[in-house]
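Please look at the sequence and the model together before reading on.

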Amino acid sequence: MTEPDYTEDGVPTFDFVRDKIEGRHLTTEATAELVGDPQNTQDQFDQREEAGRDRLEEIRRSLRGE
């Protein structure tokens with residue numbers, strides 16, 4: 001049988017408080033991971049754009065027979 005989250009006096013148990021804190025901590029970490037670093041995201045976008053332009057130019061050169 002599981003222990004109740006509160007004592008008979010209405011005080012939360014240590015396990016209950018620990019689980020709440022750990023849950024909030026994990027939520028904060030997950031949110032930070034999803035949001036990410038905006039500058040890093042922009043850098044990745046710029047790198048992909050440049051790689052795409054380079055690849056497109058390579059394809060155009062191959063079609064022209066260069």
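## A negative surface patch

On the surface, Asp37, Asp43, Asp46, Glu50 and Asp54 gather in a patch of negative charge; a patch is built from residues with over 30% relative accessible area and no salt bridge, like charges being joined within 9 Å. Aspartate 43 lies in helix α2, residues 38–64, and is partly exposed at 33% relative accessibility (buried means under 20%, exposed over 50%, and partly exposed in between, with a 1.4 Å probe and protein chains only).

## Basis of the model

The model is predicted, so that local features need pLDDT of at least 70 and side-chain atom pairs count only at pLDDT 80 or more, while totals for chains, interfaces and linings use all residues. Residues are numbered from 1 along each chain as its sequence is written, and side-chain values use heavy atoms, leaving out hydrogens and water.

## Salt bridges

Five salt bridges are found in the whole structure, each being a side-chain nitrogen of Lys or Arg within 4 Å of a carboxyl oxygen of Asp or Glu. In helix α2, glutamate 49 and arginine 53 are four residues apart, about one helical turn, and their closest N and O atoms are 3.9 Å apart in a salt bridge; glutamate 49 is partly exposed at 38%, whereas arginine 53 is exposed at 52%.

Arginine 64 and glutamate 57 also meet in a salt bridge, at 3.2 Å from N to O. Salt bridges with shared partners join Asp15, Arg18 and Asp19 into one network, in which arginine 18 and aspartate 15 meet at 3.2 Å, N to O.

Definitions and conventions. Patch = residues over 30% accessible without salt bridge, like charges linked within 9 Å, V, L, I, M, F, W, Y side chains within 5 Å. Areas by Shrake-Rupley, 256 points an atom, 1.4 Å probe, with all protein chains shown as cover. Lys, Arg positive; Asp, Glu negative; His and termini not counted. Charge placed at Lys NZ, Arg CZ, Asp CG, Glu CD. Helix = DSSP H or I, 4+ residues; strand = E, 2+ residues; numbered from the N terminus.
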